[in-house]
Each structure stands twice: as structure tokens, then as C-alpha cells.
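Colleague: I would like to learn how to read the surroundings of a ligand. Please start with the terms.

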Amino acid sequence: MRHLISPLDFSVEELDTLMDLANDIEKNPEKYAHVCDGRILATLFYEPSTRTRLSFESAMNRLGGKVIGFSSAAASSAAKGESVTDTIRMASCYADICAMRHPKEGAPLVASLHSSIPVINAGDGGHQHPTQTLTDLLTIRSLKGRLGGMTVGLCGDLKFGRTVHSLINALVRYTGIRFVLISPNELRIPSYIRDNVLEAGHIPYTEMENLEDAMPELDILYMTRVQRERFFNEEEYIRMKDCYILDKAKMALGKEDMCVLHPLPRVNEISTEVDDDPRAVYFRQARYGVYIRMALIMTLLEVSPC
Ligand code: CP
């Protein structure tokens, strides 16, 4: 039995196979409409979510399976003090596979050690968000035709943004990737990513504060929200929250074939006037999230079309 806790749990070759499957699901959805008949997905979400939970539910429904779960800790027996390990033991009795989001880093890993069904990390604290990374990789590969040989700008809250941490871990495995890390000094990438991943892997990167300066060289611009829920101090959040706002004027500085991604939700960091720009692909990215989660559920359940 396999779990997905980190984006590195799949090799580059396995990721290619997964993305090929997702692309085939997109083209031939009817072929996959019943591959999970009789199977149940449990969505155990201790933190708020729109995209991750609903795209998992959409994915399982589109595969013919069913979904059970809870959407907040308050709506589960966690509110009465039940542990994650006991909760996953219960989910193992009721479902065939589970997606878990939790505010504590490592909670899905702990769950996987006590589970008799595959556990998918749907986001753990400020740590990792591997299925968002799979979504991001599929979006980039589908729209740019490759995953290597490009300059990737990551902009915003690089300190608390778990999607950024996961994406860096995943992209460094491809050749010719260069990162431009754009953030205020207070929200710089954590040292464990800078030292253990970028420096240790001899990955070229630059850190800067000014988004305009970075724009002309980027093939991908990955915008992120300032993560209010991870700040200890509301005043500090208010000071930081609008540190970057991507608007038409800044987009005019970018390459014609640049792609703008965002894991969403957005707050103010991308002006709605950018939404109609063909380079703004964040809503298409959310759609790719359904296909890759369908492919992931099939892979972890070891099912395929007849
Ligand atoms: N991208 C993402 O994780 O969105 P949600 O928090 O809405 O699931």
C-alpha cells in the first residue's frame, strides 16, 4: 500500500506516468467514469478548503466512487479530543482511501503510520501540499510542453506558503530550472529550503524584493497569498498583506509566453484586471487539479479501465 505524503514520494518517471494518465482522463473522461465503482474516498479536513476538498470529491465522483468526510475539526470528534491516529483507524473502517488536511505539520504522515488505507496529504500546516504540486506540474507541463529549462519566479509569502516549498522540492529534479524568489525580507524562503534543497543541490536562484525587476526574465510566475492564518501577530499580517499586487502594468513587463499560476485562493495579490490576460492560467490550473487527483486516486487504488 502506498501513501502520498511528500511530492518526492513519486519518482520523476512515476510522475510522468501520472501526468500522462491525467492528460488521457482529460481527453477521454468516459473511459474512466466507472473505474472506482464501489470505492469510497474519505476527506478528513481539519482546516478550511475550497479547491482541494471539492476537487478530490469531484475526482472521486467522476471515477464512479463515493465520498464521505468532514470539512472542519469542529464538525468531527476531534472537537471532543479524538486523536488523528484514532480518526484514521475509523476512516480505515469506512473508506478505501483518504485525503487529509491538517494544521499540524506531519499529521498526515502520522496518520499514514496507523492507516490500513492509502493516505494523501492534502496540506499540512506550513509544510507541504503535494497534490497542489502535482496540479502545478501538470499545468506547467500541459501548457509549456516541458518541466525543465525555464526560469520560475515565486512571489509573495515564501516563508509560510507550503505550495511553494513543495513546488521547489519537485522542480529541482528537472534540468535547467532557475528560481527567482521574490518576497519581502520578513517572508523569505525558510533556510531549510534554501540550504538543504537549493544550495545543497547547486540549483541557481536569486532572491529579490522587487517584482517589476524580475518580470522580464520569467517563464513562469507563481503568485502566492500572504498566509494570514500562519501569522502570530495580526498587525504584522496587515503590514505585509498587500506587499505584491500583480496588475496590468506589471504584466506588460512579462514575456509573451509567460504563464501566471496561483494555487488560489487569492486575496489582493492578483488584480482581477489580469484575469482576462491569456497568460493568466490560474483557473485552468484549478481544473487540472481534478484530472491529476483522478489519476492519483486510480494509481493509489491500483485501478485501471477495463
Ligand atoms: N489551493 C488550495 O489548497 O486551495 P484550498 O485551500 O481552497 O483547498
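Modeller: A polar contact is a pair of N or O atoms within 3.5 Å; within protein, one must be able to donate a hydrogen and the other to accept it, and residues adjacent in sequence count only if both atoms are side-chain atoms. Here, a polar side-chain atom of Gln 132 is 3.0 Å from a nitrogen atom of the ligand. This is a predicted model, where local features need pLDDT of at least 70, side-chain atom pairs count only at pLDDT 80 or more, and totals for chains, interfaces and linings use all residues. Residues are numbered from 1 along each chain as its sequence is written, and side-chain values use heavy atoms, with hydrogens and water left out.

Colleague: How far is an oxygen atom of the ligand from a polar side-chain atom of Arg 51?

Modeller: The distance for Arg 51 is 2.9 Å. For His 129, an N or O atom of the side chain is also 2.9 Å from an oxygen atom of the ligand.

Colleague: Which domains is the chain divided into?

Modeller: Domain bounds come from an automatic or database domain assignment. They give domain 1 (7-128 + 289-301) and domain 2 (131-285). Their centres, taken over C-alpha atoms, are 25 Å apart. Contact means heavy atoms within 4.5 Å; 30 residues of domain 1 are in contact with 24 residues of domain 2. Each of the two domains supplies at least three residues to the shell around the ligand.
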